[in-house]
Amino acid sequence: MTFKLFILTFLILSSNPCEEISLWKNLLEHKVPTNLEERLKLLNEKGFDLQNLSDKGGKIINLDYFPVVVKVLPKNPKTGQQFTAEEFLNHLRLNSNHFVNKKHASFSTSPLLGKENKELWFSDNPLGAVIHINIPFPAGDGSVVCTENTSDHWIYQTIRTPWRFFGQGNDGKHPVTGLRQMGFIKNEDGSYTFYTKGIDRMSRKSQAIVAENLMRNPFKSADECWESFRQGIYDFVEQNGGNAVSLDSTKVEIYRPKWKKVKDCK
């Protein structure tokens, strides 16, 4: 995947954005499940607040989709047995740092919430677990909370944490506000498409004004991060007895319309 392709897709603005964003419709409509409300109340008491797409922020919204088509599932390097699709997705969740280029981002359970939060993330149902993301300067670190978990996907939503100038995990606002889904789809030919897709806006209006007006691609770092994650999945599959379709043959989708054009597409 070349940066040139990111630029070309960045320039595509649909005359009918509601049709173009059907792939992201579930994220645009996403609501916190009722069985998570109590957990969020406890987090709120500790100074954590969900960031919602409707919050004030940048005028441009990012819509991205990074897929990898896997024809033969890889083997678990610890057991030598072939992963099921569900097992491989869970492996991606628990070992994200082995797939993403850490010069773009690295993931850990929130150090502000201790053992209980870590155990929740590494359990069979990580709903409500908070993940700290170390993001290089100038974007700054951010945190997310798992707000949906099924056998074929999970969803992160950005969350504001208590802020301190020093202190790992004291991130304040995540630099973007939105949601990201990781999952897989079983295709008709028996292959699987593993993917990450996101919908988000810059959180701070002041930064958004500068980035959206002076940068050709204000989401360049995020694009490179998720492309590295896609590359990491491909490499793991190929190196562990599986087989994946060439990334050059698998279409990445990126759209950057104005938020006001898509906010009512529900």
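Visitor: What share of the 266 residues in the chain is buried?

Guide: Buried residues make up 50% of the chain. Keep in mind that this is a predicted model.

Visitor: Why does Tyr 156 count as buried?

Guide: Buried means under 20% relative accessible area. Tyr 156 has 5% relative accessibility, so Tyr 156 counts as buried. You'll find Tyr 156 in strand E6, which covers residues 153–160.

Visitor: What about Asp 223, buried or exposed?

Guide: Use the cut-off again: under 20% is buried. Asp 223 comes in at 1% relative accessibility, so Asp 223 counts as buried. Asp 223 is found in helix H8. In sequence Asp 223 and Asn 62 are 161 residues apart, while in space their C-alpha atoms are 9.9 Å apart.

Visitor: Which other residues of H8 are buried?

Guide: Among them are Cys 225, Trp 226, Glu 227, Phe 229, Arg 230 and Ile 233.

Visitor: How do you know that the length of helix H8 agrees with what it should span?

Guide: Helix H8 runs over residues 220–239, which is 20 residues. The expected span is 1.5 Å times one less than the number of residues. That gives 28 Å for H8, and its end C-alpha atoms are 28 Å apart, so the two agree. Just after H8, Gly 241 takes a positive phi of about 80°.

Visitor: How many helices and strands does the chain have?

Guide: There are 9 helices and 10 strands.

Visitor: What makes up the lining of the second largest pocket, by class?

Guide: The lining has 6 nonpolar, 4 polar and 5 charged residues. Of the 15 lining residues, Leu 28, His 30, Asn 52, Leu 53 and Lys 266 lie nearest the pocket's centre. Leu counts as nonpolar and Lys as charged, so Leu 28 and Lys 266 fall in those classes. The volume of this second largest pocket is about 260 Å³.

Methods:
Residues are numbered from 1 along each chain as its sequence is written. This is a predicted model: local features need pLDDT of at least 70, side-chain atom pairs count only at pLDDT 80 or more; totals for chains, interfaces and linings use all residues. Side-chain values use heavy atoms; hydrogens and water are left out. On a 1 Å grid over the protein atoms alone, a cavity is a set of points where a 1.4 Å probe fits but cannot get out, and a pocket is an open set with protein on both sides within 12 Å along at least five of seven lines; lining residues have an atom within 4 Å of a point. Grid points are joined across faces, edges and corners, and a volume is the space filled by probe spheres set on the points. Helices (H or I, at least four residues) and strands (E, at least two) are DSSP runs, numbered from the N terminus. Buried means under 20% relative accessible area, exposed over 50%, partly exposed in between (1.4 Å probe, protein chains only).
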